[in-house]
Amino acid sequence: MAHEIHKGFQSPRGREDTRRSDSPPGIQPMEQERPLSGESEGLSAELPRFNYPQGAQFWLLSSCIAVMMFMTNLEIPVVTTALVEITDDLGGFEEAGWIVASYLLGYVSVSVISAKFSDIFSRKLVFMIMIAIFIIFSAACATAQTIVQFIVFRAFQGVGGGGSFALCNIMVIEIVPPDHYPQYVSNIAIVNALALVLGPILGGAISSNTTWRWIFIMNVPIALIPFIIAWFIMPKDFPYQGLTIDHPSAKLGRIDWPGTILILLATLGITTAFEQAERRFPWRSAYVISLLTTSGILWILLLWWERRITLYQKSDREPILPWRFFTNREMIGILLNFFYLGGPTVNTMFIIPLRFQVIYKTSGLEAGIRLLPFTSALPIGAFTASLLTGRVKVPAVYLLFSGSILQVIGFALLSTLPTDLSVPNQIYGYEFLSGMGCGINYALLFILIPHVSERIDHAVGMGAAGQIRMIGSTVLLAISTSIFNSYSSPRVREIVGSLHTLPEWSLSSSEAIEALPTEIQDNVREVLAEGFNWQILTLCVSAALQIPASLMMLRGKNIRV
């Protein structure tokens, strides 16, 4: 069966373990590599061992992964503090939401597809293509002359960013042996956290002191570095160095074209619907209902098709989303965890800075700095999880419970903040608790994927995890924003009363609030502060739902990584 699925992977040394005995520098050699799930028999037993990079090659490839993870993560928060400057220059303030949404739509649509294509055409080729797309459309964003051009270019930049990030996640578990996953993933988590920390600060600083276009211009020379490293240093067939590869025409026959189209359209449908709900279209509008209905039908068709080709079709075609995932209780638990984790992790970085700017009247730069307790706690949580699982050998599922509980406590406390207009000191402690919980679970969930899935599914599993995390963040942001508006809008209108001379304004616009008469500005801010508390409460609910998802991963002998 495995030879039929992976006809292109033929080792000249058969099933001999081709790993070198020495570990990458800076990492202690392991005593013996434990087989991962299914690796002792079945599909994965037929695959050769990875040939892990050593010495300078290891460090250069690690830097390549780190730089692209940093850049693709940076692009999400760096724009949030420069939206006003961008729309002032290009016009179209009413389309400002699409500046963030278009990148996320491109980002979320290609994770699984790029992961599967890298299985077929090689990690190196797909990785370089995705970096090139990111570079080209970053430059295009910097030269955009209208808001429509900018939004289109941002979507394609998101395709390059999402594909690059998916490939980086895959290579993280292929560059070191399994025993070193906790340490390596925690180190990479520091890079991701730095991007989230510096994004709002860097965006605010650039837009305040020079043109916003430098936010995108700087991507070009920085992203060229990992492109060059991948070109010259990454082995052609990483991580299966030394294997012979089929002719490209044989590779095309392995692509699941119907599944690729279905997952792309289904993902775009659900994310677009939730992005636009209660922004330009009401929840009950034909636009939102049609998109959600169509997306639901496409997801059902996708599952039916993937089950069919996984179980019954006798050909070289490889499913884009293997049915094996949906019969694996632990894998389902991981994917559900990612869905519920996406909202708290990503949306906190929008909600908290917005609260500081709207309620406490800080600048965008200062708001980014005041988010540091949350973003700095992410790598601390990842390092703590690495220490407890790698050295103390605490079962991973117990730490997932702990991380979820920390999130519930942190977000529950954040939802009780006073509504007065002075910054409460306790907000920083609550941010830290929430960030610790998110960091623990984020790192562990990625580490667990290769331990619960077949080796031929590792790449697609990592891609699916990243994709469903971003879908979860989009869905929860739409729900939390709807709750915020439902609470705040009628109360603000009641305070404003019959003031008919006000310009059109957004509830989340500090400038619009300052356009109100002075005597009612504080009352409006107090209402919005309570609205933010309700919005944070939705993150608490999403954190709590991670607990039953983790229960699906309990087994007689729980996984230790």
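**View 1. Ser-62 in helix H2 of the predicted model.** Ser-62 belongs to helix H2, residues 55–74 (helices are DSSP runs of H or I with at least four residues, numbered from the N terminus). With a relative accessible area of 10%, Ser-62 is buried (buried means under 20% relative accessible area, exposed over 50%, and partly exposed in between, with a 1.4 Å probe and protein chains only). Its side chain makes a polar contact of 2.7 Å with the side chain of Tyr-184 (a pair of N or O atoms within 3.5 Å, where within protein one must be able to donate a hydrogen and the other to accept it, and residues adjacent in sequence count only if both atoms are side-chain atoms). Apart from neighbours within four places in sequence, Ser-62 is in contact with Ile-175 and Tyr-184 (contact means heavy atoms within 4.5 Å). Because the model is predicted, local features need pLDDT of at least 70 and side-chain atom pairs count only at pLDDT 80 or more, while totals for chains, interfaces and linings use all residues. Residues are numbered from 1 along each chain as its sequence is written, and side-chain values use heavy atoms, with hydrogens and water left out.

**View 2. Leu-268 in helix H12.** Leu-268 is part of helix H12, residues 257–276. This residue is partly exposed, at a relative accessible area of 29%. Not counting residues up to four places away in sequence, Leu-268 touches Leu-105 and Ser-109. The C-alpha atoms of Leu-268 and Val-108 are 8.1 Å apart, although 160 residues separate the two along the chain.

**View 3. Lys-361 and its positive phi.** Lys-361 sits in the loop between helix H14 (329–358) and helix H15 (364–369). Its phi is positive, about 60°, although Lys-361 is not a glycine. Most residues other than glycine have a negative phi. Lys-361 is exposed, with a relative accessible area of 51%.

**View 4. Lys-393 in the loop between H16 and H17****.** Lys-393, a residue other than glycine, has a positive phi near 65°. Its relative accessibility of 33% makes Lys-393 partly exposed.

**View 5. Helix H18, residues 426–452****.** H18 has 27 residues and reaches 39 Å from its first C-alpha to its last, close to the expected 39 Å (the expected span is 1.5 Å times one less than the number of residues). The helix is mostly covered, with 22 of its 27 residues buried.

Definitions and conventions: Helix = DSSP H or I, 4+ residues; strand = E, 2+ residues; numbered from the N terminus.
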